[in-house]
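Please have the sequence and the structure open while I speak.

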Amino acid sequence: MVELRHSGSSLGSRASSSPMKRDEDASPLIFNDHVLRDDDDDHPRHSFRDRYRSFWSQIYSFFPFLNDDPRFSQHGSRISLLLLLFIAVAGLISFFSILQRLNSPYLCKKDGIVLHCPRVKENPSLWENPFSATTSWKPCAERHDGGMSDLPPENETSGYIFIHAEGGLNQQRIAICNAVAVAKIMNATLILPVLKQDQIWKDQTKFEDIFDVDHFIDYLKDDVRIVRDIPGWFTDKSELFTSIRYDNVPPEINRLRCRVNYHALKFLPEIEQMANLLVSRMRNRTGSPNPYMALHLRFEKGMVGLSFCDFIGTREEKAKMAECRQKEWPRRYKNGSHLWQLALQKRKEGRCPLEPGEVAVILRAMGYPKETQIYVASGQVYGGQNRMAPLRNMFPNLVTKEELASKEELAGFRKHVTSLAALDFLVCLKSDVFVMTHGGNFAKLIIGARRYMGHRQKSIKPDKGLMSKSFGDPYMGWATFVEDVVVTHQTRTRRNLP
């Protein structure tokens, strides 16, 4: 125990009528040379009354007028009580404020692989696009020349264009759109594109395996000249890079791109029919018509590795991922010493794929209930069922095409990866709400098509930068998080679409 004393000289002289005398030799806020111990018999313990007087003597020392004015001296006890009451009330308020903050849930509680989030009142507009009533949104790809063909005679074309459309389904679509535009600009004849899979997609797919060739040629007959086969005399094997800009290009060329993407590139009838069947099953899973959400979940091993972001996992998982990155992307990996700082920076900037559990928390904060019907378009999720568990447990009505259709129904589409991707594309395109979790051509083409068709359906692109800050804030409560999510994504509905 120590005793703190204030110097009389530092506080000025005190009248003898002062309620309590100060030790004139003691220095302010300096420990007394003699320390009282519990076992010191020469110095008895202070009584409660002495301690009370010592406490209020220090309080009075900060308010000299209490001693100088006789009125305050007479009513000092009343003021003391009022001051004590004020301190007690302030302390009580602070106590309950801290207690409430400690008891408020920090986002969601984790129980093993299960997340428990508080329920949010379901908003009636969850399934509505707030800008669907905008009448100015309409397709702009119509020809403006009266529909008459302006193609030159075949013998006046500048030559032939032959392309390999590489990559996945949606990369191929972009390449085909650009190839038609280039053929138009160069006044050339387009040879039917060849779809060439890259190293990620192992199978080879022909144009006619996915798209309706007759429809493609017929729809564009007034725009470009298209032939099915390579002429026998054609020997030029030079490659054409078909990526062209959208600005500084005549409006008619960009409208032509739209006509190719949204009208000419029509999937085969069997793909369209199977997709319509999946959509019908999604809309009737509850026994009566219900809306459904399509979720494009980008958390495959390749995407996780390419992102160079850090994710929760065991030491063994992290070691294997490091080996994968070093093997697949050695130039970016280098010696690995810079990767941790890079991962932190990318997450702060919102450039990391959202984990399934993070998606679940965001959707719950938006107000989507446990009963929401969700169609998941995704490859094999990195981490398997354990990684998917938080999302699936929070939204149990979550299905994939493999769960909606039988093996026999999907057997004919398993010959080509692009056929399965086409099914996902159409089911997502026709959903009531589409949610993208990371960038990519798939999500951008779907959102672009939904805008082109009138902006009637709702599309959500989570603000990953804001979510990263929220998930990393140990003091953010659930109510604050919900407010941030709702307000932010209400304003992003119209301006976030790529």
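Let me begin with a definition: a salt bridge here is a side-chain nitrogen of Lys or Arg within 4 Å of a carboxyl oxygen of Asp or Glu. The model we are looking at is a predicted one. With that rule, Asp424 and Lys401 form a salt bridge, and their closest N and O atoms lie 2.9 Å apart.

How many salt bridges does the rule give in total? The count comes to 16. Another of them joins Arg283 to Asp432, with the closest N and O atoms 2.6 Å apart. Here too distant parts of the chain are linked: Arg283 sits in helix H10, residues 269–283, whereas Asp432 sits in the loop between helix H19 and strand S13, 149 residues apart. Arg283 counts as partly exposed, because its relative accessibility is 26%.

A further salt bridge brings together the side chains of Arg228 and Asp214, at 2.2 Å from N to O. Arg228 lies in the loop between strand S9 and helix H9, and Asp214 lies in helix H8, residues 213–219. With a relative accessible area of 43%, Arg228 is partly exposed. There is also a network of salt bridges, which links Asp223, Glu252, Arg255 and Arg259.

I turn now to strand S13. Val433 and Val435 point one way from S13, Phe434 and Met436 point the other way, and all are buried. S13 pairs in the parallel sense with strand S10, residues 293–296, over four bridges; within this pairing, Met436 is the bridge partner of His296. S13 also runs parallel to strand S14, residues 458–460, and three bridges join them. Val433 has Lys458 as its bridge partner in S14. Together, S13, helix H20 (residues 441–452) and S14 make a right-handed β-α-β unit.

Finally, the second largest pocket. Its volume is about 810 Å³. The lining consists of 26 residues, and those nearest the centre are Lys110, Ile312, Glu355, Gly357 and Glu358. Which elements each supply at least two residues of this lining? They are strand S4 and helices H15, H16 and H21. By class, the lining has 11 nonpolar, eight polar and seven charged residues.

Thank you for your attention.

Conventions: Residues numbered from 1 in each chain as written. Predicted model: local features only at pLDDT ≥ 70, side-chain atom pairs only at ≥ 80, totals over all residues. Heavy atoms only, no water. 1 Å grid on protein atoms, 1.4 Å probe; cavity = no way out; pocket = protein on both sides within 12 Å on 5 of 7 lines; lining within 4 Å. Points joined across faces, edges and corners; volume = space filled by probe spheres on them. Nonpolar A, V, L, I, M, F, W, Y, C, P; charged D, E, K, R; others polar. Buried < 20%, exposed > 50% of the residue type's maximum accessible area, 1.4 Å probe, protein only. Pairing = 2+ DSSP bridges. Right-handed = clockwise from strand over helix to strand, strands pointing away.
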